[in-house]
Amino acid sequence: MKKSDTIIVLDYGSQYTQLIARRVREMKVYSEILPWDADVATLLAASPRGVILSGGPSSVRDEEAPSMDPRLLESGIPILGICYGMQVLAQRLGGRVEKGCRAEYGRTRVSLRKSPLFEGLPGELTVWMSHWDQVAELPADAAIIAQSESGIPAGFALPERGIYAIQFHPEVAHTVGGQEILSNFLFRVCRCEPTWDLGEWVTSMTEEIRRKVGNGRVVCGLSGGVDSSVAALLTSRAIGDRLECIFVDNGLLRRNEAAEVLEAYKTLGLKVHFVDASARFLDALAGVVEPERKRKIIGEVFVRVFEEKAEDVGGAEWLLQGTLYPDVIESGHKGKGAAVIKTHHNVGGLPEVMRLAVLEPLRDLFKDEVRKIGALLGLPERILERHPFPGPGLAVRCLGEITPERLDVLRGADAIFLEAIRNAGLYRKIWQAFCVLLPVRSVGVMGDVRTYAEVAVLRAVEAQDGMTADWYRLPEDLVDAVSRRICNEIPGINRVVMDVTGKPPATIEWE
Ligand code: XMP
């Protein structure tokens, strides 16, 4: 596929690495993330116009610290080092990094000298710093281009070699002028053309799918979420009704969800096969309370149901999946040896069981790009902006035993909560909002009658990517109204509580 100019972001482990790559793409330059120790030949094969070294949690003074292949410095490709990236550059170029007498963290003022990197910016900026080490001695021939309030070098450059380094983070919103700094690097230093265009991406990806699949057939599992929906729309544009979409109702969806989602897909002209497998899932889950067992059972039943339906509709050679770039990066070079907190599964295991080749048209894209493409393809707002919903659905929000009755209680409370959030215009500001039903009964009183019923939890969080989250400060009046409505309208609940825990230490879902 035709690609625009490329910037490689080398990942030294910063929580902001993906943000750097997204910022670059927002300026219409294609970017890719590679691990810091990626083979230089692989890196050069992408013919990048420039390389950005991310920040990271290590100290270059440690023996095992992530370093940098010197061949990259000799390649003549412009380099921008950010935070840890600046220290790696300083050290590699013969300068000296030492532990500072105090850490600089958070908002800091820096003064800027004249440099192509700072073109169009004032002489002083408020920037976001987060470091302990500092460059004590600059590499020979390097010039200071920025200095922090405490006199520490906050940036240096070797302009004739296209090498720039800054101690602060231009990619975060707290750094005033950060976008201009990145833009200067892309367009003044690397001389990139802003040609990464999602409209063009759609055209060439459609052609690529057509070429890859040939006369073959593709199956896909639709979930109602944005990723699988966009992947399906794109593929149906490429190969028409040789795409068979399967939508499984596992009995764990929210109120009216199956009907709403099916209606949307019908309007979009997708060929969707609906399977109501609620009874199968609920039978398999009967009496199960342990979260990981629930997840495992749901995954296994899903694979079986999907496989049967796929055979039913005539089989296929390809399985379409809505894998995104962050998943590719995470599975590629992060998370090695990470502990399993929860088994995440949606259609995991399917390709092996069904011996299908996998088609992943969105694997180069970030979520915000997928949303933009969804909009280009005419996906309705309701699907585009939908909060993430876990594959195992309400099973992980209905704590304790899953019964049709308890699921109905949960659906009722959840619908009231979401309606209030939508009406208050808060839906898009919140990463996820939902109710959880606890298998705990408490005493209440309604109309002079004693009640003994279960507890609903209101959970609303804000997050960038779901990896970390903070609980959302909902207006008191909204919480009050929701609490009253739930207790009045949903038999089975007589108490509403709110989850005020971030992630970490909690997770977003309760199971
Ligand atoms: P946790 O609960 O781990 O969730 O903080 C992080 C994000 O992932 C979603 N989630 C899932 N998504 N399949 C999914 O596709 C799953 O099995 C699953 N479990 C959790 C969760 O809703 C949140 O957005």
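Two strands pair if DSSP finds at least two bridges between them. With that in hand, here are some notes on this predicted model.

1. Confidence first. The protein chain has an average pLDDT of 93, and 95% of the residues score at least 70. One stretch to treat separately is residues 334–338, where pLDDT stays under 50. For these residues the model has three contacts beyond four places in sequence.

2. Five strands form an open sheet in the order 12-11-10-13-14, and the pairing is parallel. Strand 12 (272–276) and strand 14 (357–359) are the edge strands, each pairing on one side only. From one strand to the next, the twist averages 30 degrees.

3. Within that sheet, have a look at strand 10 (residues 218–222) and strand 11 (residues 243–249): they run parallel and are joined by five bridges. Val218 has Leu243 in strand 11 as its bridge partner.

4. Helix 6 (residues 198–213) packs on the sheet, where it touches strand 10, strand 13 (318–320) and strand 14. The direction of helix 6 makes about 170 degrees with that of strand 14.

5. A helix pair is also worth a look. The axes of helix 7 (residues 226–239) and helix 13 (residues 367–376) lie 10 Å apart, and the two helices pack at an angle of about 50 degrees. Helix 7 is therefore oblique to helix 13. Their crossing is left-handed.

6. Which residues meet there? From helix 7 come Val226, Asp227 and Val230; from helix 13, Lys367, Val370, Arg371, Ile373 and Gly374. By class, this contact of helix 7 with helix 13 has four nonpolar, three charged and one polar residues.

How values were computed: Residues are numbered from 1 along each chain as its sequence is written. This is a predicted model: local features need pLDDT of at least 70, side-chain atom pairs count only at pLDDT 80 or more; totals for chains, interfaces and linings use all residues. Side-chain values use heavy atoms; hydrogens and water are left out. pLDDT is the predictor's confidence in each residue, from 0 to 100. Contact means heavy atoms within 4.5 Å. Axes are lines fitted to C-alpha atoms, for helices over the stretch in contact, and angles run from 0 to 180 degrees between N-to-C directions. Helices (H or I, at least four residues) and strands (E, at least two) are DSSP runs, numbered from the N terminus. Angles under 35 degrees count as roughly parallel, over 145 as roughly antiparallel, 65 to 115 as roughly perpendicular and the rest as oblique. A crossing is left-handed if the near helix is turned anticlockwise from the far one by less than a right angle, and right-handed if clockwise. Ala, Val, Leu, Ile, Met, Phe, Trp, Tyr, Cys and Pro count as nonpolar, Asp, Glu, Lys and Arg as charged, and the others, Gly among them, as polar.
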